[in-house]
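Hello,

Here is the structure I promised to pass on to you. Please open it first, and then read my notes beside it.

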Amino acid sequence: MIASELPRPIKIKSIASEPYTVTASPDECSALAKRFDLSSVEKVHAIVDLIRDGEIISAQGTLDAEWTQSCALSGDDFPVSHQEPIELRFVPTRTDWQPDDEVELTAEDCDELEYEGDTFDLGEAIAQSLGLAIDPYATGPNADAARKSKNIQTEGQQDGPLAELLAGLKRD
């Protein structure tokens, strides 16, 4: 198992029927902020139901997180609040493939996390879900002022002969 900023190892044989709660401590929030290059992480909280079907474990629940990140344009920090459903599957590591094998992925495969042995890390899965939720190009409340001060035009508002030519092509 890899080292995680939010370790919550779960033994497959001891999966309980009640929901699992993963709440990041202040130290874990700081480590996650560093991992994802955020100004800070204030909250990571997930409630997840685990359902075992042999060696495959389905996880369904919600992720509730709050963080502060820098605006992609102004560099100013701004708060982000995020809630999303979580739907993952933990599957044993595949050993029946070769490095040159062609692999076809289905929609269900995209949210599968492999594990080895008899334990998987629910906390790391939550951390990865958080990482996917972060928009690296997010803009904050001062983005328009930053665009104006740096003379950055938004798409569709360009001036000049090339913009006029392109606009003419779009009309046809």
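Thr68 is found in strand β4; helices (H or I, at least four residues) and strands (E, at least two) are DSSP runs, numbered from the N terminus. Before going further, please keep in mind that this is a predicted model, in which local features need pLDDT of at least 70 and side-chain atom pairs count only at pLDDT 80 or more, while totals for chains, interfaces and linings use all residues. Residues are numbered from 1 along each chain as its sequence is written, and side-chain values use heavy atoms, with hydrogens and water left out.

Is Thr68 buried or exposed? Thr68 counts as buried because its relative accessible area is 16%; buried means under 20% relative accessible area, exposed over 50%, and partly exposed in between (1.4 Å probe, protein chains only). Leaving aside neighbours within four places in sequence, Thr68 is in contact (heavy atoms within 4.5 Å) with Leu38, Ser39, Ser40, Glu42, Asp77, Phe78 and Pro79. With Glu42 there is also a polar contact, side chain to side chain, at 3.0 Å. A polar contact is a pair of N or O atoms within 3.5 Å; within protein, one must be able to donate a hydrogen and the other to accept it, and residues adjacent in sequence count only if both atoms are side-chain atoms. Ser81 is 13 residues away from Thr68 along the chain, and their C-alpha atoms are separated by 8.8 Å.

**The sheet**

Strand β4 belongs to an open sheet of five strands, in the order β2-β3-β4-β5-β6, with mixed pairing. Two strands pair if DSSP finds at least two bridges between them. At the edges are β2 (20-23) and β6 (112-115), each of which pairs on one side only. From one strand to the next, the twist averages 25 degrees; axes are lines fitted to C-alpha atoms, for helices over the stretch in contact, and angles run from 0 to 180 degrees between N-to-C directions.

How many bridges join β3 to β4? There are 13 between β3 (residues 40-53) and β4 (residues 56-70), and the two strands run antiparallel. Arg52 stands opposite Ile57 in β4, and Leu50 has Ala59 as its bridge partner there. The hairpin of β3 and β4 has two residues between the strands, and Gly54 in that hairpin takes a positive phi near 70 degrees.

On to the next pair: β4 and β5 also run antiparallel, joined by 14 bridges. Asp64 has Gln83 in β5 as its bridge partner. Here the hairpin has six residues between the strands, and Gly75 takes a positive phi near 85 degrees.

Most residues other than glycine have a negative phi. Asp37 has a positive one, near 55 degrees. Asp37 lies in the loop between α1 and β3 and counts as exposed, because its relative accessibility is 70%.

**The helices**

Helix α1 (residues 26-35) lies across β2 and β3, at about 100 degrees to β3. Helix α2 lies across β2, β3, β4, β5 (77-92) and β6, and runs at about 130 degrees to β5.

The twelve residues of α2 (residues 122-133) should span 16 Å at 1.5 Å a residue, and the end C-alpha atoms are 17 Å apart, so the two agree. The expected span is 1.5 Å times one less than the number of residues. Nine of the twelve residues in α2 are buried, among them Leu122, Ile126 and Leu130.

At the start of α2, a side-chain oxygen of Asp121 comes within 3.0 Å of the backbone nitrogen of Gly123. Gly123 is buried, since its relative accessible area is 0%. Beyond its neighbours within four places in sequence, Gly123 is in contact with Ser4, Leu6, Arg8 and Val22. Thr21 is 102 residues from Gly123 in sequence and 9.6 Å away in space, C-alpha to C-alpha.

**Aromatic rings**

Rings of Phe, Tyr and Trp (its six-membered ring) pair if their centres lie within 6.5 Å; planes under 30 degrees apart count as stacked, over 60 as edge-to-face and the rest as tilted. By this rule there are two aromatic pairs. One of them is the tilted pair of Tyr115 and Phe120, 6.2 Å centre to centre with 50 degrees between the planes. Tyr115 and Phe120 are both buried, and together with Phe90 they form one aromatic cluster.

Best wishes
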